[in-house]
Structure formats: C-alpha cells, structure tokens
Amino acid sequence: MAQWVEELHFPHMKIPVTISNVGLVLPSRTVPTPPDHTLYLSNLDDMIGSRVFTPTVYFYPSSLAPSSDQKPVMEILRNALASVLVPYYPFSGRIRETRNGKLEVFFGQEQGALMVEAHSEMALASLGDLTVPNPAWLPLVYSSPNEEPYRLIDMPLLIAQVTFFSCGGFSLGLRLCHCLCDGFGAMQFIRAWAATAKAGTLVTNPMPCWDREFFKPRNPPIIKYPHMEFMRIDDGSSLTMSLWQKKPIQKCYRISLEFQAQVKALAQPAHCNCNFTCTTFDAMAAHVWTSWVKALDVQPLDYNLRLTFSVNARKKLQNPPLKEGFYGNVVCVACATSSVSNLVNGRLSDTARLVQEARLSISEEYLKSTLDYVEVNRPRRLEFGGKLTITQWTRFSIYESADFGWGRPVYAGTIDLTLTPQVCVFLPEGGSDSTGTMVVCICLPESATNKFTKHLSTILDSSHEN
C-alpha cells in the first residue's frame, strides 16, 4: 500500500532573477470607471481569509515556447491582458478601506494591472522536478521592494511576472487579489485571458458578472450559527507551538488514485444503515488530519482541534440563483471539530463523518448567516489556534485554463506554504496521464516528517493501530 504514496523531493536553491521591465497594463479601451467610481465588495470578498494575494506559478518549457517567427511571449500576454481587462475592469482598480474597516474597489489615475519581465541565467531543467511545489520558486512571483506582508491597500490587484530562462522556456508567476475572486472565479479569469491570447481577439465565455450586491447582509442581521470557523481560540495544546517554534519545512506527496480509493473505502462505516456516503475529499481530509496530529504528537489528548476547509456554495443558491459569469467569492468555511484523543485513537470513518457533516452543513442559510456574522463582528486577524486548514485545488481546471497558445503548463499551482504552516493544499497532478493522482502539500517540523510519512502511507483503521 505504501508504494501508492510517493514522498516527493525538491532541491534547495537560489534562483537568480533579473527584473528588466515593470509596467502597468491598462484596459485596451474605455471602461465605466469615472473619477471616484467605486465597487462594493461583499462580506465574502472582505472576509479576513480573503484579504490576501494568492501566488501561483505556471511553467512552459522550451518545447512549448513560440518559435522565432511568432510574436514574443510578452507582447502576446500583455495585449491579451489589456483586452481582458475591459470586461474584467475591476482588476485594474485598487482597494481602500472605508468605514468600520470595510473594503471597496476604487478607480483613479496611474492604476492598472502590473506586468513584469524578468530573466534568469538558469535553465528550467536546473530547477529539478517541476511537478513538485518548491519554496525556492518565490523569486518567480513579483513582490515590490520592501513590500509589507499581507498588504492590500493601494496595491495592483493583478501582478504578473514572466521569467525567461536560458533554455528558451519561461514561467508565468501570478498574484491575484483574493478579494476579487475565489478559486473558481480565478479560473474563469485566467481561462478568458488564455483564450484571448490564443485567439488574438477578446474571448469571454461566460461574460463576467460583478453583482456583489447580491450578497449584501440582512438588516437586521440574523446570525443562526455559532461560526466556529471564525472563533478566536487560545491554543491550549502543543500544536501551534510545535509548528511555529522552529521554521517548519514543506513536504509534498504524490497520492495515487488507487490509494485514494482505499482510504475512501476504509472511511465508509461498516454495517451502518445510515445514509453516510463519504466523498474522496471527506476521506482524504480525515486521513491527512489524523496523520498530521499523530505526527505532531499533540497534547493534551482532551483538547479540541479544528479542521477548516472552503466549500463552494454556488449550487446552494436557489432563491434567487447566481448569475452566470459571477466570479466573486462564493465560498463558506466549513469547520469540523474533534478531540485529540478521538483523532489519534478513533476510527477513520468517524473522522470522515465529521468532515462530511461540516461540508454538508454549508447551505444557503449558512451563507447568509456568514454574511451577517462578518458584518457584525468583522474578524481582524486570521485565527490558527488548534487548526489545520485544507485547500482543495483538485476541483479547479488549473492546467486546462492556462493554455495561452503554447499548450498546457507542465506545472500550475502553489509555491510556498511555510509562511502559513497550518495550511495544507490538495493539488491536481499536472501530467496528461495523471489519472486522478493528487499531490498533498503540508508543513511540519523536520523532526515530525518521518512520522507523518509513515502515518500518511498507512491505511489501516486507526482504531487498530498502536
């Protein structure tokens, strides 16, 4: 069974990158943004977890790069971006804070998306396995000199860096402001940009829809749920300290479809007449959570821990439904809780059921309650106490969306999780023959990595383990 879980390795290196040009990209024609024009951001856009930039990188080897008789990469990408910024004009604006800490998009002079051209003397082959996310890739995503961590105010809302390597291949490093779009919205935008670059003319299918007023809070607010996902908890366990005391390291594992199926089968309760049928995500989230807690040897055993993850609520909205082309945030944060003892000594099927119940608890009413909760409380900081957060990128067509005319990238996804070590990412395998393989990226102290690898690779029911 263990051969179905492959521990992946990446080289520790420094990538020399020289920035040759930094410039703004404006919409190619006039858009409806008169002076002092502003756009409303919903409380889902404005949640503390959305007040970040999401960095991603896409690699295109020399075999995919355009030949010398074709337009240069920068020209193609810049022209296509300028065209796409007409219907997606909010990405050319900026964010500012209004009353009570609420954010909004505004428009003024000297705005636009930011595009950066860079060069490296290295060849892509020198970067090692391009299918394994590597924190060393951070120089491939542009940050301005002396940029403050988590800064949003007055920042370009889309930052794109194209880095050309000595072999003729190149990378596209993106930072998209999460306030403007969730993962599905980001895929819609990137797909339009890529299709426009490929066609040489504007392609938007579907047409983008802003319509953030759809998610205005109720008056008066009606908070029907405790919203444990936002609760500030002083971590009375050893979990947070063990992660933050020493800089954790990023570990990645390739998980075969067969292994996922085995975990899912084990997560189904035996001899149960209930309607419980777990998904692959329910099972894998439960398995990763329990493996992580065991590896960290969390104490005390009676302490309650949290697992949070985003749930796409688009299909939950029926009264009325969302308009086609809406690309804003439509995710709620689901939260499962369990004692350390139950995670370490209990059955996988019990933990998977907790994950499933949290996932299924997200409803239209839960979303409305979330909007009202944020309106009343407006959390000011991310809470990590006793928590693991799993982000599921396997739902996104990230490889298919990023074909700008040079084929699918050999890698598309995240880079460095060590800055937020209580976040785990499930990534899709990029190869055309990946057959549902998943890459799990997670952070651990170096002293716990061997134990985590052992527990992750073992799919005996935890109630029978020592």
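Two strands count as paired if DSSP finds at least two bridges between them. Strands themselves are DSSP runs (E, at least two residues), numbered from the N terminus, while helices are H or I runs of at least four.

This is a predicted model, where local features need pLDDT of at least 70, side-chain atom pairs count only at pLDDT 80 or more, and totals for chains, interfaces and linings use all residues. Residues are numbered from 1 along each chain as its sequence is written, and side-chain values use heavy atoms, with hydrogens and water left out.

**Strand β6**

Let's start with β6, residues 103–106, which pairs with two strands. Four bridges tie it to β5 (residues 94–97), and the two run antiparallel. In that pairing, I95 sits opposite V105 of β6. β5 and β6 make a hairpin with five residues between them, and N100 in the turn has a positive phi of about 55°. β3 (residues 38–40) is also antiparallel to β6, with three bridges, and L39 has V105 as its bridge partner there.

Is β6 buried or exposed? L103 and V105 on one side, and E104 and F106 on the other, are all buried (under 20% relative accessible area; exposed is over 50%, partly exposed in between, with a 1.4 Å probe and protein chains only).

**Cysteines**

How many disulfides are there? With a disulfide taken as a pair of cysteine sulfur atoms within 2.5 Å, the count is zero. Here are two of the cysteines:
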